[in-house]
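Hi everyone, thanks for coming. Please have a look at the sequence and the model on the screen, and then we'll walk through them together.

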Amino acid sequence: MARDSFSNKFGIIAAAAGSAIGLGNIWRFPYVLGENGGSAFLIFYLLFIIAIGVPIMVAELIIGRRSRTSVFGSFKKLRRDKPLFHLVGVLGLLTAFIILSFYSVVAGWTANYTYLAITNSLADKSPEELNLYFKEFSSSVILPIIYMIIFMTLCAFVVIGGIKNGIEKYSKILMPALLVIIIILSIRASLLPGAIDGWKFLFKPDFSKLNASVILEVVGQVFFSLSIGMGALITYGSYVKKGENLLNIAISVSLADTLIAILSGIAIFPAVFAFKINPDVGPGLVFVTLPNIFNKMIGGYIFSIAFFVLLLIAALTSGVSLLEVVVAYMREHLHIKRKKATITASVLVSIIGILCIIIPSLFDQFDWTSSNILLPTGGIFISIFVGWYIPKSDLYDELSGHGVKHYVFEIIIFILKYIAPTAIFLVFLNNLGAFK
Ligand code: PHE
């Protein structure tokens, strides 16, 4: 089967950034940070992005480009003799399914808020009313199901379009537009009376709230936000041409992703404090906070529409990368045509998504477990696999041949061999109370 590929470097970065930037940055990052004490979370977040996020992203891209196949078959293709690692492919598929099923629910909420923005339905609501509205909506059943299915249908359309016409085309223009909107929002939020408390919450170092579970949440958020640990970037890496510098791609994508997450924090927390919202309200945080800013802003109507539309599209480019993992598997290993594979996978995901809507504890469980357990576990195996089981000469061929300096190459391999797996493992142990 002929493999599609990205047309140029900007296309790959845009698509990989499209996968990374999504609800994870704007919905999940602020709410998890809010629940975990603020600034200390942020400091460790940055540390983990640089120390293990970027190297693992490079590792995934290497596996993808060398094997030229998606996550399920890639480990087998590179090391047929190491069957334990073949399970990572299975884990990746499972994780993609689980993430997409609750992700599509939150994307459905976003679609609903897009509709509310267009019809100007939130305009005269007080902070309390906005809070109440979110509670009622998110605990209802029919409307969230309809919006979730609309979202999955959109994902399916893009995935059926294939790489160049689908994924790449959408990501290129819209991600920069999202960046602009968030910058404007964070400026407006910072001008609210009382905004300074939000800045302090984010940036004034306070380690008193730090504990084992906060660190685990940090690691989980790093994996979730960068889309690493389950093979989304193995799959995208398999479409990257030989001459591209993979480290460069990983750094650009991580920078863009982190920038958007921090800016979302700057847009949200000043408003949280200005409108006396509790920073640890959980998954509803963005939805109960930002409409308050729109209501105070000149041109708020237009901004609210633009924001929710772009957030929906950001969710779409991430959802597409999750769906593509499953579809690539079905095409390459079950020999099902792209269209049929996409429809089948979308229907299955929607069914689990409906369960997440009906059973809220399942939603929370999926959200927590996928980020904090499944992705980091995948990350341990991916880094060990690349660090220990791909011949160094091959890694050299993948990295150094493409403009990566020798000492940088050695650092990355060292991190993948020793630092990343040990660090993640220690965070797991620590969370289980091993160091008390
Ligand atoms: N990184 C995406 C986001 O932030 C979510 C995602 C996780 C996508 C894992 C693919 C794989 O929204």
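Which backbone N or O atom lies 2.7 Å from a nitrogen atom of the ligand? That atom belongs to F224. A polar contact here is a pair of N or O atoms within 3.5 Å. S225 also has a backbone N or O atom facing a ligand nitrogen, at 3.1 Å. On the protein's A20, a polar backbone atom is 2.8 Å from an oxygen of the ligand. The protein covers 100% of the 320 Å² of accessible area that the ligand has on its own (Shrake-Rupley method, 1.4 Å probe).

Before going on, a word on the model: it is predicted, with local features needing pLDDT of at least 70 and side-chain atom pairs pLDDT 80 or more, while totals for chains, interfaces and linings use all residues. Residues are numbered from 1 along each chain as its sequence is written, and side-chain values use heavy atoms, leaving out hydrogens and water.

Now the shell. The ligand is surrounded by 15 residues (a heavy atom within 4 Å), with A20, G24, Y103, F224 and S227 the closest. By type, 7 are nonpolar (Ala, Val, Leu, Ile, Met, Phe, Trp, Tyr, Cys, Pro), 8 are polar (the others, Gly among them) and none is charged (Asp, Glu, Lys, Arg). Helices (DSSP runs of H or I, at least four residues) that each supply at least two shell residues include α1 (9–20) and α10 (212–226).

Definitions and conventions:
A polar contact is a pair of N or O atoms within 3.5 Å; within protein, one must be able to donate a hydrogen and the other to accept it, and residues adjacent in sequence count only if both atoms are side-chain atoms.
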